[in-house]
Amino acid sequence: GERVYVVGGVVRDLLLGRPVLDLDLVVEGKAIPLARQIAKARNWKTRSHPHFGTAKLLADELTIDFATARSENYAYPGALPTVQWENIEDDLFRRDFTINAMAASLIPESFGDVLDPHGGQQDLEKGLIRVLHPGSFSDDPTRILRALRYEQRFNFRLDEDTERLMQRDMGIMNNITGERLWHELELILGEERPEKVLCRAYNLGVLQHLCPAAQGDAWLRDKLARCRSNDDHTLHTPAVYLCLLIYRLSGEEIQECISRLKIPGWAKQAIQHTVKLRDSVSHMSTPKLRPSQIYRDVERYSPEAIQAVAMASDSAVIQERLELYLDVLRYVKSPLNGEDLQGMGIEQGRRIGQMLRTIHDARLDGEVVNRQEEEQLVRRLLAKDTLFQYKMGLEESNY
């Protein structure tokens, strides 16, 4: 009995022929009870936020967001909005861009009809990113970053008036909390080609409001593009992008960026590891460095930081050695464990850890290649220990 519409990016992507992975639905009525009723019928999970009139259905491979149709008012530029329940037309008017302000009816008698009060389909055809009204960016300055994200994702261009409004309201970004700015930067880093967004943002002066010293230039474009040629799916690629974005900054500039954006723990660690490795990696060009030395020098750093430094380094030798660690050395393991060593006669304690490290180093350097050779190495080391202890005993006896 409720009037329900598919809205926003779902309609946009369907019209563009792009895949749709999640659904956003607006209900002219009571979204939360409807979502709960569907969840109960389909045995799905649901989470609701009564204050905002929203609910999220979690199906097997699908997320469905339900929202009560609403309008939004902003007490001051950059403030979070206050919400009032309204109809679908009011809900579409609160959206960021015309291409996101369309809805498709799920009502049986008008199923599939598109509501497009702001010319979104026409802007899709022209390849334009256009705001709905002159106060859009001042209401929510994070829309500036979203505009650039959509522009570069779809290979569109900013409408002339929209770009002028962006330039006018760019300074209001300073009123936005670091958490909200970080969220938008994280979304940019998650784009298929984030360097396009970052370079565009830099040229327009937007990036400087996120991290003043960061540069969106040819160097960054090249490094981020090269990241995608690496097929190591164990790496969190957005973290590598972030590390390259800050790579050329000083320690003070990086700290300013971390503080400004309230960067969360995982990202802060990746940045800090990148800086420490960047500032200490020069010795990696030392001739005849053994694989075990490479491993011990970089094992304490995150793989994302190591990848970023490898990408950014001007030294082919350093690049090669860091890639060796990422591609090979970090996966080298010994089949022997502490229990095995105790079974061979080594007492539990520090000596176990020392022996395991010696075995691992021998594996890394190719001195042993299987379990049998590792056990032979252990026996030789134990024999040396016994001989050493015997000699010490003789010296103490003579003394």
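Colleague: In this predicted model, is D314 buried or exposed?

Modeller: The general idea is to look at relative accessible area, where over 50% counts as exposed. D314 comes out at 79%, so this residue is exposed. You'll find D314 in the loop between α15 (303–312) and α16.

Colleague: And how far is D314 from F111?

Modeller: Read that one two ways, along the chain and through space. D314 and F111 are separated by 203 residues in sequence, and their C-alpha atoms are 59 Å apart.

Colleague: OK, what about E374, buried or exposed?

Modeller: E374 has a relative accessible area of 0%, so call E374 buried. This residue belongs to helix α19 (residues 371–398). Leaving out residues up to four places away in sequence, E374 touches S334, P335, L336, I359, R363 and V368.

Colleague: Now helix packing. At what angle do α14 and α16 pack?

Modeller: For a pair like this, check the angle and the axis separation. Helix α14 (residues 291–298) meets helix α16 (residues 316–327) at about 80 degrees, and the axes are 10 Å apart. Since 65 to 115 degrees counts as roughly perpendicular, that's the label for α14 against α16.

Colleague: Which residues make the contact?

Modeller: From α14 it's I294, Y295 and V298; from α16, R321, L322, L324 and Y325. Sorted by type, the contact has six nonpolar residues, no polar ones and one charged.

Colleague: Which residues of α14 are buried?

Modeller: S292, I294, Y295, R296 and V298. Their packing partners are α13 (265–280), α15, α16 and α18 (350–364).

Conventions: Residues are numbered from 1 along each chain as its sequence is written. This is a predicted model: local features need pLDDT of at least 70, side-chain atom pairs count only at pLDDT 80 or more; totals for chains, interfaces and linings use all residues. Side-chain values use heavy atoms; hydrogens and water are left out. Axes are lines fitted to C-alpha atoms, for helices over the stretch in contact, and angles run from 0 to 180 degrees between N-to-C directions. Helices (H or I, at least four residues) and strands (E, at least two) are DSSP runs, numbered from the N terminus. Angles under 35 degrees count as roughly parallel, over 145 as roughly antiparallel, 65 to 115 as roughly perpendicular and the rest as oblique. Contact means heavy atoms within 4.5 Å. Ala, Val, Leu, Ile, Met, Phe, Trp, Tyr, Cys and Pro count as nonpolar, Asp, Glu, Lys and Arg as charged, and the others, Gly among them, as polar. Buried means under 20% relative accessible area, exposed over 50%, partly exposed in between (1.4 Å probe, protein chains only).
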